[in-house]
Amino acid sequence: MTITDVVVVGLGGGGSNVADEFSKRGFLGVAINYSSQDLGSLTYVHDKQKLLGSDGLGHDRQSAIELISEHTDVLTSFLHKHCERAEVIIVCFSTGGGSGSGLSTLVISILSNMYPEKAVVAIPIIPHNEESTTALINNQQVFEELSNIEGICIAPVDNQKAKSNCLSIGKTKIYNLTNQSIADHFYALYSYTNESSKSGSFDKKDFINLFKQEGYCSIAEVIDVAYWLEKEKLSLNPNNMKKLLRAVLNESMFAPIEYDSIGKAAIIIDTEDEDVIDNIDNSIFDDFANRPIDVFEGIYNNEQSNFLMVVLTGLSMCQTRLSEIDAILEKRQKELENLPRTNTAFKSKFSSLSLPSNKPVQKKEKMSTQDILNMYRKR
Ligand SMILES: Nc1nc2c(ncn2[C@@H]2O[C@H](COP(=O)(O)OP(=O)(O)OP(=O)(O)O)[C@@H](O)[C@H]2O)c(=O)[nH]1
Ligand SMILES: [Mg+2]
């Protein structure tokens, strides 16, 4: 059965690929794009909207807005059709391209204006450090625009994380790994809202309230707590669980977080090992400047599981990551300034050389296709 209380809207190529992964896991997912090829490559989304005016925008995010200005009702009625019944609306897009990046803040503003009572979660995908200057500039523009929209939750995914974690694998695999990992996190969290527990359940209202929090979001998921502790050479105690959380956040697909404020948090613990449960308490938030205003807990005792998930919302903007991109852009600007003026004129010393065998070309009368055809016709 399709999950309809959480709807995922994918914008542009990258964003729609993420929406496709959500749909594969049972969420209602839809895609919006200028490119029919990109839309054609999706397998699981429930509906697609091709926008008119162009077939892809070649990283020009400004024209996404200009082109949509003639057809805004197409966009709003598509959004209304799919988001009306949802409680949480997730909007995925890459910030570096043209279509998704250009449409993103418009779509998010339309949605939060149309549904002030719903949780709107933006998932912007930040380009990695080696990407084009245009991609990096587009990213900075999107984050400036996002910071002017009130009341939304922003979970920034960072392609640089996957690139640094898996140095030897190609671009497509990096994208797939990242997309799957985002959808897996949300699916795992959502799935717990259907499970009951004597020790405290994380229910659907908790899920919704968690994402209604304004600010930035990150998710740390530990499939096997014992394995991670061993890997980090840590024994089981509350202080080390805090270190574990920090290490897992560092390795996640999400952009590096800031520790200067936190709004809400969810802690899901699923293990039969009571020691693990007893060693996780609110001291895991000691690294933050304040304690969360609300913590939603879900404690489950499924056999053979040793699972921990911590979701943080209401964090500060990912300043460190955005400043890093500013520094790269500054360096590239200096490189451009020091470049000699691009020379496009070419003059060869030999362009008018006449070879001995060169006979002047005799001007021939142009033949019609019928004449050529006649030459080959059987007489
Ligand atoms: N994680 C992830 N990143 C992607 C994926 N596809 C593209 N990207 C990133 O997105 C950027 C390119 O944006 P796209 O989403 O392809 O662009 P678009 O929104 O379709 O816009 P145009 O094609 O320029 O009109 C690149 O900088 C990549 O960093 C994907 O499937 N997963
Ligand atoms: Mg595209």
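Student: Which residues lie nearest the centre of the second largest pocket?
Tutor: This is a predicted model, in which local features need pLDDT of at least 70 and side-chain atom pairs count only at pLDDT 80 or more, while totals for chains, interfaces and linings use all residues. Residues are numbered from 1 along each chain as its sequence is written, chains are lettered from A and ligands numbered from 1 in the order in which they are written, and side-chain values use heavy atoms, with hydrogens and water left out. A pocket, on a 1 Å grid over the protein atoms alone, is an open set of points with protein on both sides within 12 Å along at least five of seven lines, whereas a cavity is a set where a 1.4 Å probe fits but cannot get out, and lining residues have an atom within 4 Å of a point. The second largest pocket is lined by 17 residues, and those nearest its centre are Ser 181, His 185, Glu 221, Glu 251 and Met 253.

Student: Which element provides the largest share of the lining of the second largest pocket?
Tutor: Helices (H or I, at least four residues) and strands (E, at least two) are DSSP runs numbered from the N terminus. Helix 8, strand 8 (215-222), helix 10 (225-231) and helix 11 (238-251) each supply at least two residues of this lining. The largest share, four residues, comes from strand 8.

Student: What is the volume of the largest pocket?
Tutor: The largest pocket is lined by 29 residues, with Gly 13, Gly 14, His 59, Ser 94 and Gly 97 nearest its centre. By class, these lining residues divide into seven nonpolar, two charged and 20 polar, and helix 1 gives the most, with four residues. A volume is the space filled by probe spheres set on grid points that are joined across faces, edges and corners, and for the largest pocket it is about 500 Å³.

Student: What volume does the largest cavity have?
Tutor: The structure holds three cavities of 30 Å³ or more. The lining of the largest cavity has eight nonpolar, two polar and no charged residues, including Pro 156, Tyr 216 and Leu 315, and strand 8 gives three residues, the largest share. The volume of this largest cavity is about 50 Å³.

Student: With which residue does Arg 25 meet in a salt bridge that links distant parts of the chain?
Tutor: A salt bridge is a side-chain nitrogen of Lys or Arg within 4 Å of a carboxyl oxygen of Asp or Glu, and the structure holds 14 of them. In one of these, at 2.8 Å from N to O, Arg 25 pairs with Glu 21. In another, at 2.7 Å from N to O, Arg 25 meets Asp 184. This pair spans 159 residues, from Arg 25 in the loop between helix 1 and strand 2 (27-33) to helix 8, where we find Asp 184.

Student: Is Asp 158 buried or exposed?
Tutor: The side chain of Asp 158 forms a salt bridge with that of Arg 321 (2.7 Å, N to O). Asp 158 is in strand 7 (residues 157-158) and Arg 321 in helix 13, so the pair ties together parts 163 residues apart in sequence. Because buried means under 20% relative accessible area, exposed over 50% and partly exposed in between (1.4 Å probe, protein chains only), Asp 158, at 2% relative accessibility, counts as buried.

Student: Which residues do salt bridges that share partners join into one network?
Tutor: Arg 321, at 1% relative accessibility, is buried as well. The network built from shared partners consists of Glu 21, Arg 25 and Asp 184.

Student: Where is Gln 304, whose phi is a positive value?
Tutor: Phi of Gln 304 is near 65 degrees, although the residue is not glycine. Gln 304 is exposed, with a relative accessible area of 80%. Its place is the loop between strand 10 (294-300) and strand 11 (306-315).

Technical notes:
Nonpolar A, V, L, I, M, F, W, Y, C, P; charged D, E, K, R; others polar.
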